[in-house]
Amino acid sequence: MNENETKHTFDRNESASMDDFLSRVINQVEEMVSEINSKNEELAKKDEEIAKRDKRIEELLQELEQAKQGRNVSSRNEVKEVLERAIVLAEQHSKKMEANAKLTASTIIEEAKRNADRIVNESLLRAEKVEVEANMLRRNIRLFKSRVKQLVDTELQIMEDMDKANF
């Protein structure tokens, strides 16, 4: 371990705090998933609306084509009305497509943020696991040192007893 790295151990309070944190993260992820599902439903509805408007525009264009050919049109005013309706529908269609694109963009951004949060959370969990393992190694080293010291002390005591027995 580098000297610059911070040394931190997790006690029970911090473990409970980590559990609370993870619970909040899980709840937030579940909320995000439900929000994305509802936005996907909205997108599907908007797609249906756009398809209906596309159909209506096609019908108006057919009417316009017929008006050009002089069929089913009684006056120039009727041609003008058909053109105005086509323009209004085209404007509405473009606004719907723009809103749909913005919603898609926001969904992509939210997904990217969630992925970033997931990566951060995974890193935190890995860091906690490494810290736990490091603590376990420190404990094992202390235990090993203690046992070696005890063994050396026992050997020294035996040697002292042997020296006393010879004199």
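This is a predicted model: local features need pLDDT of at least 70, side-chain atom pairs count only at pLDDT 80 or more; totals for chains, interfaces and linings use all residues.
**Surface.** Residues are numbered from 1 along each chain as its sequence is written, and side-chain values use heavy atoms, with hydrogens and water left out.

**Burial.** Next I looked up how much of the chain is buried (under 20% relative accessible area, 1.4 Å probe, protein chains only). Buried residues are 13% of the 167 in the protein chain.

**Elements.** I found 2 helices and 0 strands in the protein chain. Helices (H or I, at least four residues) and strands (E, at least two) are DSSP runs, numbered from the N terminus. H1 covers 12–68 and H2 covers 76–166.

**Contacts.** I then turned to contacts (heavy atoms within 4.5 Å). Among those with a separation of 6 or more in the protein chain, 73% join residues 24 or more positions apart.

**Core.** Which residues form the largest nonpolar core? I listed 5: Ile 57, Leu 60, Val 82, Ala 86 and Leu 89. Such a core is a set of buried Ala, Val, Leu, Ile, Met, Phe, Trp, Tyr and Cys residues joined through side-chain atoms within 4.5 Å. H1 and H2 each give two or more residues to this core, and H2 has the largest share, 3 residues. I also checked Leu 60: leaving aside its neighbours within four places in sequence, Leu 60 is in contact with Val 82, Arg 85, Ala 86 and Leu 89.

Conventions: Buried means under 20% relative accessible area, exposed over 50%, partly exposed in between (1.4 Å probe, protein chains only).
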